[in-house]
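Let's take a walk through this one together. Have the sequence and the 3D view open side by side, and follow along as we go.

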Amino acid sequence: MFKNIILKITYFFMITFICLAKVSANTIEANFVYVGDEGSSALLGVKQGLKEANLQGQFLNQKYNLDVISSAKVTEHDFSGYIAILTAVDINTYKALTSTHPDMPVFNLSINDDDLRAECINNALHTIPSLRMKSDAEKQWKKKETDSDARAQAWHHDFKKFAARDLNKRFKKNHKIEMDDYAWAGWAAVKMTSDTVARTNIVNTSEMLNYLKQDLVFDGQKGSNMNFRETGQLRQLMLLIENNKIVAEAPVRGVAKPPTLDSLGTLSCEK
Amino acid sequence: MKFANILILSAVFIFNSVSAEPTGRIFVTNERDDTLTVINGNTLDVETTIEIGERPRGIGLSPDGSELYVAVSEENKIRVVDPVSLKILRDFEAGSDPETFAVHPNGNVYVSNEDEAKASAFNPKTGEMLVEIQVGLEPEGVAISPDGKRVIVTSESTNMLHVIKVPEHTIEHNILVGSRPRAATFTRTSDIAYATAEISGEVMKVDMNTGKVLLKAGTGHEKSKPKDVLLSKDESVIYVAGGRSNKVKVMDANTFEIIKMIPVGKRVWGLAMTKDKKKLFTTDGVSGTVSVIDTDKNDVIKTIKVGEFPWGVVVHD
């Protein structure tokens with residue numbers, strides 16, 4: 001009787017162990033951490049990206065997790081074990097994070113400062129456009145439509161082309177607000193990282209950083225293959241908005257010089 | 001069973017037992033102006049244009065040719081039309097935002113529901129949903145093997161071809177491919193499929209038994225953004241709708257060497273062929289035209305003005 005129970009228990013643990021071993025052998029897990037305000041739209045974008053990453057992951061045995069911490073907790077938090085750090089913080093906190101974690105991709109989802117790009121911090125990845133990208137887009141459009149006072153944005157809730165319509169719909173359904181520039185920047189950071197995990201099985205941070213900077217081909221529902229400049233800025237199409245309506249896309253056709261995506265923003269690093 | 005249902009079923013039965021003479025017509029959905037263009041197959045002139053419903057996109061025929069199906073995406077329905085009398089017969093609910101679908105040899109309709117990350121199968125006679133299958137984000141293209149044993153659904157945002165086994169309706173392979181896979185087509189023997197990826201601008205040849213990509217190549221143009229793909233009669237050549245390159249690419253099916261680029265209208269997406277594969281029809285979205293290609297010469301023999309943003313095309317022959 002007693003022997004029988006022991007045997008059953010042994011079998012139970014053996015089977016559990018075999019099952020666990022099988023799952024862990026086949027499943028890739030990747031963890032993100034978001035640093036910033038919990039109420040920001042950037043975080044909602046990150047959550048949207050995570051949901052989509054896990055939807056893809058279920059077909060490939062890949063699982064993605066997210067930790068959220070406030071910028072006040074940065075110094076005490078242990079950042080080991082993450083595939084990337086996603087931030088919507090002030091510029092000093094951002095720079096500190098890049099320098100304390102030099103081998104990790106540190107995404108900037110909120111700062112539009114041009115000097116930050118010109119510093120060319122090796123592990124800084126800016127999915128949000130810089131001020132200069134916006135002003136260049138506006139200038140190009142002014143050359144064509146002199147009376148227009150359209151302003152440039154990275155994203156707009158009415159953007160439909162390139163299946164942007166679908167992303168806008170999904171986002172609004174899940175978060176009850178319209179997707180904005182920060183939400184798009186958060187979504188894009190998670191999406192390009194998880195797409196890379198899916199394609200390459202990379203889970204090492206410095207390999208991920210290299211891949212994102214050197215080999216990335218990202219669609220981002222903006223219709224073209226996007227990638228990063230030496231400055232860490234994501235090359236991307238901009239939208240020109242007047243009276244809350246999309247009036248044009250930049251690079252403006254016929255105005256911008258090829259390679260057209262590089263007609264927007266700073267290209268070079270400061271000496 | 002309600003009397004009305006019995007009446008409908010008997011009507012369906014009687015209707016189906018009369019095998020419809022093919023009209024030779026070409027049917028085209030016009031996404032922007034909510035219409036269906038009917039083209040005479042002999043004269044290649046527009047016969048008539050029908051108000052069909054909101055945002056018509058995918059289009060297909062029942063295996064016996066007696067019914068024409070049109071996905072009216074904004075209404076979340078598939079509308080059933082008599083291809084002879086051109087009367088609207090009925091609708092059935094086809095899930096959220098049905099875009100593309102394919103008709104199985106057994107008559108069931110497999111739909112991609114773009115909003116829901118699902119593919120679903122319907123019995124078009126009763127409108128009953130038979131199964132829902134979870135797939136990747138923004139499912140788009142649907143293709144069914146001639147032997148009826150496999151369905152391919154492409155998911156654009158998850159960058160996969162999902163190969164679904166029929167009748168089990170389980171996923172056999174999830175094949176990670178280039179960015180934004182759009183459409184697929186099978187060989188006659190059902191063991192090879194060709195597919196396109198829009199943003200990466202690629203075509204690929206996939207082994208259906210192993211789920212392995214055998215060959216892939218670009219389509220020879222930066223703006224290519226390929227969509228529909230079809231095989232020639234002897235299956236030595238594929239025709240690829242080249243999107244904003246405004247060309248149909250004629251490519252060797254074994255090497256993917258580009259044999260010819262046929263200039264058509266702007267933003268070419270949809271493709272359909274006659275059963276004898278002698279004529280190829282394209283929908284040129286931005287131009288609002290259908291181009292007719294003679295597949296012996298691989299030249300456009302006629303350009304037909306249709307509605308705004310023509311999307312899908314099918315030949316009733």
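Predicted model: local features only at pLDDT ≥ 70, side-chain atom pairs only at ≥ 80, totals over all residues.

Let's begin with the overall build of chain A. It has 8 helices and 8 strands, and its C-alpha trace spans about 90 × 40 × 35 Å along the principal axes. Of the 271 residues in chain A, 42% are buried. If you look at contacts between residues at least 6 apart in the sequence of chain A, 64% of them join residues at least 24 apart.

Now find helix 2 and helix 7 of chain A. Two packed helices are described by the angle between their axes and the distance between the axes. For this pair, the axes come within 6 Å and cross at roughly 25 degrees. Angles under 35 degrees count as roughly parallel, so helix 2 and helix 7 of chain A are roughly parallel to each other. The crossing of helix 2 past helix 7 in chain A is right-handed. The residues that make up this helix 2 and helix 7 contact split into 15 nonpolar, 7 polar and 2 charged.

The contact draws 13 residues from chain A and 16 residues from chain B. On the chain A side, helix 2 (41-60), helix 6 (164-175) and helix 7 (181-200) each put in at least two residues, and helix 2 of chain A gives the most, with 5 residues.

Next, the cores. The largest nonpolar core has 83 residues, and those with the most contacts inside it are Val70(B), Tyr110(B), Leu161(B), Ala193(B), Ala195(B) and Val248(B). Take Ala195(B): beyond its neighbours within four places in sequence, Ala195(B) is in contact with several residues, including Leu161(B), Val177(B), Met204(B) and Val229(B). Apart from that core lies another, of 67 residues, and among them are Ile85(A), Trp187(A), Ile202(A) and Val252(A).

Some backbone details are worth a click. In chain A, the peptide bond from Ala250(A) to Pro251(A) is cis, with omega near 5 degrees; Pro251(A) sits in the segment after strand 8 (245-250). Chain B has a cis bond too, joining Val166(B) and Pro167(B) with omega about 10 degrees. You'll find Pro167(B) in the loop between strand 14 (160-165) and strand 15 (171-176) of chain B.

Then there are two non-glycine residues with positive phi. Gln221(A) has a phi of about 55 degrees and belongs to the loop between helix 8 (205-214) and strand 7 (238-242) of chain A. Asn244(A), with a phi of about 60 degrees, is in the loop between strand 7 and strand 8 of chain A. Are they buried or exposed? Gln221(A) is buried because 23 other C-beta atoms lie within 10 Å, while Asn244(A) has 8 within 10 Å and is therefore exposed.

Finish in chain B at Lys277(B), in the loop between strand 24 (268-273) and strand 25 (279-284). Lys277(B) counts as partly exposed because it has 16 C-beta neighbours inside 10 Å. Leaving out neighbours within four places in sequence, Lys277(B) is in contact with Ser232(B), Lys233(B) and Thr295(B). The C-alpha atoms of Lys277(B) and Asp294(B), 17 residues apart along the chain, are separated by 9.1 Å.

Terms used: Residues numbered from 1 in each chain as written. Chains lettered and ligands numbered in written order. Contact = placed C-beta atoms within 7 Å. Helix = DSSP H or I, 4+ residues; strand = E, 2+ residues; numbered from the N terminus. Buried ≥ 20, exposed ≤ 12 C-beta atoms within 10 Å, placed from the backbone. Axes fitted to C-alpha atoms, helices over the stretch in contact; angles between N-to-C directions. Parallel < 35°, antiparallel > 145°, perpendicular 65-115°, else oblique. Left-handed = near helix turned anticlockwise from the far one by under 90°. Nonpolar A, V, L, I, M, F, W, Y, C, P; charged D, E, K, R; others polar. Core = buried A, V, L, I, M, F, W, Y, C linked by C-beta atoms within 7 Å.
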